[in-house]
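Biologist: I am new to this one. Please show me the structure, and then let us talk it through.

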Amino acid sequence: YGFINTCLKSLVVEKYGEETWEKLRLQAGVQDSFLTFEVYKDEITMQLIDKACKVLGVPADMVLREFGKYFFEFCKRSGYDHMLRTLGGNLYEFIENLDALHSYLSLSYQANIEVFILFCFFPQEMNAPSFRVEKNEDGSMHLHYYSDRRGLCHIVPGIIGAAALDFFNIEISMKIINQTEEEERTGKKEHIVFLVTQNPVFPYKERNEFSFSPQCLVDSEKQIENQLNKEDLEKAKNKTGDRGNSVCPVKKSHWKTIRGIITLGKGKLLRGFDPVYPKSLWIDTKTFCNGLPFHIVFDKELKVKQAGVSIQKIVPGLQTMGICLDQYFRIIHPEVPFTISSIQKFINSQFVFQTRREMMPESWKQRPMLELRGQMMWMESLQCMLYLCSPLLRTLHELEERQMHIADIAPHDVTRDLILLNQQRLAEMELSNQLERKKEELRILSKHLEEEKKKTEALLYAMLPQHVANQLKEGKRVEAGEFKECTILFSDVVTFTNICAQCEPIQIVLMLNSMYLRFDRLTTVHDVYKVETIGDAYMVVGGVPVPVPTHAERVANFALGMIIAAKGVQNPVSGNPIQIRVGIHTGPVLAGVVGEKMPRYCLFGDTVNIASRMESHGVPSKIHLSSSAYQCLKYKNFEITERGEIEVKGKGKMHTYFLLRNKTATENEIMGRP
């Protein structure tokens with residue numbers, strides 16, 4: 001289920017960052033998000049775990065243990081903590097009831113899954129793991145873990161350890177003491193035995209006051225007991241003793257007595273209770289079989305001794321007392337052989353039986369087989385096993401498929417309520433799935449929209465300065481700005497008119513495009529602003545729209561790059577490299593946005609005119625400088641030669657210069673090459 005993959009993503013993002021998850025996801029070749037109730041292939045999860053080990057550089061057992069801890073917290077945040085807390089009053093009871101939790105969740109998810117212990121991981125056709133726990137005399141426990149899946153056992157210590165600390169305030173250590181493979185009905189199962197030892201957790205001061213050995217809860221209980229006030233304990237004993245001999249029997253240990261007293265003080269009769277049994281059973285056989293319509297009693301040889309009326313109706317063969325139970329049923333869960341010893345080994349687990357098709361009446365041949373779910377109870381005096389069960393039905397559809405009715409289930413059986421409630425839950429889940437799908441669609445659309453927005457902005461920023469474009473997007477008026485000093489460059493292609501006369505239009509377009517692509521890249525390299533292109537003329541400015549003190553050096557380096565770049569563009573007429581003229585002038589300008597349709601950021605002032613004159617009065621493959629541009633560059637490590645006085649149209653005589661090279665920068669640096 002997507003719930004697991006989402007949890008794994010959350011762990012990586014939270015602890016290692018979004019970039020690490022993206023790298024891991026791409027290496028695993030999986031999508032970025034997962035729907036909670038959607039079933040995904042096992043390979044996706046296994047790929048994510050495998051790549052996590054490689055990307056993070058840690059062993060698989062550490063990744064799985066860490067994931068186990070995080071998964072517990074993830075389940076709590078997802079609202080499962082209240083359900084988990086009810087499994088047991090201590091760690092032993094908690095583990096003992098994990099299989100029961102699986103049975104409950106199978107109703108909610110309509111699959112053989114288990115949300116808490118990772119094992120909802122896998123699809124419906126996979127079998128869920130089983131747990132069996134044994135207490136040892138020293139208070140430690142042996143946890144038996146059975147699973148079809150290899151190599152996932154290290155998740156168990158992570159989850160169980162986190163649950164023990166959070167729910168029962170105890171630290172535990174879990175060590176694998178045995179690992180085998182057992183042949184079961186569905187094939188080989190991995191059987192892992194963990195040794196679980198417990199250490200209670202106290203506040204800081206109490207930790208200093210007490211010392212612990214890595215033993216179990218029994219030793220810790222003795223330490224706590226020694227701290228109790230003996231006088232108060234006696235008073236509490238006397239007070240509860242007046243309530244009847246059945247409350248705190250003498251046979252109970254001192255610590256159990258204390259726990260019983262404390263619980264009774266809260267008004268809940270959970271500890272220190274001895275039941276009273278009648279001398280004889282006050283119920284007749286007929287009433288018992290009608291009141292519990294789904295129950296079976298069988299002996300050590302699996303011979304049926306007694307069965308409820310509803311199960312007899314569905315499986316008529318059970319009316320013949322003495323028939324073998326395994327002829328009519330197979331055990332679906334837990335994955336154990338159908339023997340009395342195997343059943344006794346897992347007696348604390350919920351058992352699921354399924355009818356055998358070949359033994360069912362003809363009317364059942366085309367229907368799905370009936371499954372029963374319930375608990376086993378060993379009756380020592382009779383040497384028989386009682387199977388108290390109910391039909392395992394999740395929805396009204398499953399009830400109808402088996403041509404059964406609500407009336408077939410006993411009124412006291414909560415299966416009635418579960419079927420109806422789960423029907424409502426399934427409808428809610430379907431709505432939730434639809435919402436998740438819509439949410440995912442919106443996320444993808446939003447992502448695409450963001451990508452398109454970036455493309456649009458990139459195009460807009462190529463036409464206008466970024467701060468100007470942002471103001472226009474916000475609907476603000478862009479005021480014209482005065483820049484006291486900037487450097488403007490103009491360039492054009494030598495004999496461009498003649499080239500146009502002798503070539504096809506497409507050849508001119510290709511030539512200019514090749515040249516402008518090179519020039520555009522250089523504007524980025526030297527951080528100058530491209531104002532416009534008109535035909536073969538190319539105009540850039542340094543120090544506008546963002547004033548910078550190095551505007552002249554930037555434009556000069558850009559001009560040197562243009563001369564080099566032009567040598568790579570071919571003249572379509574002669575086949576030789578084209579030649580360009582470049583003119584540069586430094587001075588004040590006024591800049592602003594002109595027009596509403598296709599607005600342009602334009603420069604105004606005499607500085608623009610003089611820069612244009614420097615270009616038009618220039619020499620092919622030369623960079624022509626005005627005297628003001630020369631003054632800005634003469635102490636900046638550029639090699640410049642004097643041209644002298646020339647007659648400039650509309651300006652009279654002007655003293656000008658040629659820029660030859662940058663004394664400190666290499667050609668690769670000028671061109672922005674690595």
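Predicted model: local features only at pLDDT ≥ 70, side-chain atom pairs only at ≥ 80, totals over all residues.

Modeller: Residues are numbered from 1 along each chain as its sequence is written, and side-chain values use heavy atoms, with hydrogens and water left out.

Biologist: How many helices and strands does the protein chain have?

Modeller: Both are DSSP runs, numbered from the N terminus: helices are H or I with at least four residues, strands are E with at least two. The protein chain has 24 helices and 18 strands.

Biologist: What share of the residues in the protein chain is buried?

Modeller: Buried means under 20% relative accessible area, exposed over 50%, and partly exposed in between, with a 1.4 Å probe and protein chains only. The protein chain has 674 residues, and the buried share is 46%.

Biologist: How far does helix α17 reach from its first C-alpha to its last?

Modeller: Helix α17 covers residues 415–463, 49 residues in total. The expected span is 1.5 Å times one less than the number of residues.

Biologist: How many disulfides does the structure hold?

Modeller: A disulfide is a pair of cysteine sulfur atoms within 2.5 Å. The count for this structure is zero.

Biologist: Which cysteine has the sulfur nearest to that of Cys503?

Modeller: Cys503 is buried, at 12% relative accessible area. Cys503 is in no disulfide. The nearest cysteine sulfur is 7.6 Å away and belongs to Cys500.
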